Amino acid sequence: KVQIEAMRASHRSAASNSRASPLLNFASGAFCRMASSVRRSLLVLAAFAAPLAEAKVQIEAMRHDIQQITMSNFDGIISKFRDSAVSSLWFFKDDNKADIAFLDEYNKVAGDLKGMAKVCAISCTDFPVFCDKQGVKETPSVMIYPTNPMPAFKFEGKLEAKALAGKVSRFFPDFSTKLTQENIDTFVTTDPSKPKVLLFSNKKTPPTIWKALSSETVFRRTVKFGFIVEEDKELIEKFKIKKFPTVLMQRGSKAEIKELYKGEMTFTGLKDWVNLHSESGMGDKVQGAGGGKEESVEEAKPWLVQEVPELTAKSQSDVCFKGEGLCVIYLKDGAMTPAETDMLTGLSKKFTSQLSDRGAKMKWMWMNVKVEGEYKKLFEPAVFPSAVVFNPHKRLRFAMMDHGEDSSIKADEQSLTKLMDKVLGGDARFKMVAGQKLPGWAQRAAPVAGGKKSEL
């Protein structure tokens, strides 16, 4: 009986527990979930609180383009290069919130001007004495160091990448030459050992990259940079430029090698490409007599790259009187027009092609007999323009074009073709130069080398 009563009590207890268990289970689960949520919140807060407690300016070589310097190497990195390089220096305090926020913005400046300027930073936490000597009262503060003799100054504009980069790049010196129809031939033939790099642009002034390339320490001595605007139609047509910007390099003793740049228009890409043909020590300057003006070691010879060069005292050896072939000289009593240049260029190419298999050579040129008066007396043309074919070998002699009985025939494409046919057919009458001595050449004033400098 006792056992039966104990069993009944046990069943009643079990039934009571089974009815209460859902409430207990629910309460237990809610508590666990709340504890888990609190734990996650605490972890998140801890994750945010730790960096805030430890936040500081950290310039890392693998992540940033900024060059961090110290008080001891300031002179070796910035002061030493003031003659050739533009620099900026950010003064910061490691734990200053404004400096921490400025880090990424300043790094954009370093990225934009990479290789073109020295974008540096120094910690005033580590070097407070140096910062005090530089007059830094608060940070962030940026000093800009232009090339000498311009003094360093504090940047007073907005501490934003665009404004700061623009201010720094404004001080890049421009050693490029603005090229025109008047100075292009002199430019590409002066100093044959120096490659000539030309930028054809739809901008009015050289861009930052071009100024930085022209003022780069090695390139200043070894490469010449030219700038040509889209509005100069004659030069654009001469170089057959179809798009802008286009970069072209000419090199060789007669500027006969032409190479287009096909890479990205970045400072680094252009610098690496130009550097392939730049050699340190080339193109040095020498002092004139008495320590005066610097002069180029290698004299300009623009006639070497001209389709129809002018025959003068300086050009005569290269153009006509030395080397093989006969000289076709177009005679003008004044300057030659672009239309005449085009006509003579076409005839030159036509007869060069026809004579290529015959071993004969014709060199085309023109002469201003208004200047070269002695040659006007020698040739005595009946009318202008005129032309002669000059044989400078062994016995000096020349064949004059036929102007007709009434001197009504002037030199043009048709009459010049007839003259050439006569010479090549052996029917031309050559006249000997009296005394077998060339007349004297006119003495001309030397042109200004390099042409006008482009404005910054």
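This report covers a sheet, salt bridges and charged surface patches in a predicted model.

Five strands make up an open sheet with mixed pairing, and their order is 14-13-15-16-17. The edge positions belong to strand 14 (362-368) and strand 17 (431-432). Each of these has a single partner strand, so one side of each lacks a neighbour in the sheet. Pairing between strands of a sheet goes through backbone hydrogen bonds, in a parallel or an antiparallel arrangement.

Strand 13 covers residues 326-332 and runs parallel to strand 14, with 7 bridges joining the two. Within this pairing, Cys327 is opposite Lys363, a residue of strand 14. Lys332 also belongs to strand 13. The relative accessible area of Lys332 is 12%, so Lys332 is buried, the cut-off being under 20%. The C-alpha atoms of Lys332 and Phe384 lie 6.1 Å apart, although 52 residues separate the two in sequence.

## Salt bridges

The model has 13 salt bridges. One of them joins the side chains of Arg63 and Glu60, with an N to O distance of 3.6 Å. Arg63 is exposed because its relative accessibility is 57%, whereas Glu60, at 31%, is partly exposed.

A salt bridge between Glu231 and Lys204 has its closest N and O atoms 3.2 Å apart. Glu231 is in the loop between strand 8 (224-229) and helix 9, and Lys204 is in the loop between strand 7 (196-201) and helix 7 (208-214), so this pair ties together parts 27 residues apart in sequence. Glu231 has a relative accessibility of 44% and therefore counts as partly exposed. Lys204 reaches 60% and counts as exposed.

Glu216 and Lys271 form a salt bridge with 3.9 Å between the closest N and O atoms. This pair connects distant parts of the chain, 55 residues apart: Glu216 is in the loop between helix 7 and helix 8 (219-222), and Lys271 is in helix 10 (residues 267-275). Is Glu216 buried or exposed? Its relative accessibility is 17%, so Glu216 counts as buried. Lys271 has a relative accessible area of 27% and is partly exposed.

Glu310, Glu372 and Arg444 belong to one network, joined by salt bridges that share partners.

## Charged surface patches

A patch of negative charge on the surface consists of Glu182, Glu234, Glu237 and Asp342. Of this group, Glu237 is located in helix 9 (residues 233-238). The relative accessibility of Glu237 is 64%, so this residue counts as exposed. The loop that holds Glu231 lies between strand 8 and this helix 9.

Which residues form a positive surface patch? They are Lys240, Lys242, Lys258 and Lys349. Lys349 is placed in helix 12, which spans residues 338-355. Lys349 has a relative accessibility of 52% and therefore counts as exposed, the cut-off being over 50%.

Definitions and conventions:
Residues are numbered from 1 along each chain as its sequence is written. This is a predicted model: local features need pLDDT of at least 70, side-chain atom pairs count only at pLDDT 80 or more; totals for chains, interfaces and linings use all residues. Side-chain values use heavy atoms; hydrogens and water are left out. Patches are made of residues with over 30% relative accessible area and no salt bridge: like charges are joined within 9 Å, nonpolar side chains (Val, Leu, Ile, Met, Phe, Trp, Tyr) within 5 Å. Accessible areas come from the Shrake-Rupley method with a 1.4 Å probe; for residues, only the protein chains shown count as cover. A salt bridge is a side-chain nitrogen of Lys or Arg within 4 Å of a carboxyl oxygen of Asp or Glu. Lys and Arg count as positive and Asp and Glu as negative; His and the chain ends are not counted. The place of a charge is taken as NZ of Lys, CZ of Arg, CG of Asp or CD of Glu. Helices (H or I, at least four residues) and strands (E, at least two) are DSSP runs, numbered from the N terminus. Buried means under 20% relative accessible area, exposed over 50%, partly exposed in between (1.4 Å probe, protein chains only). Two strands pair if DSSP finds at least two bridges between them.
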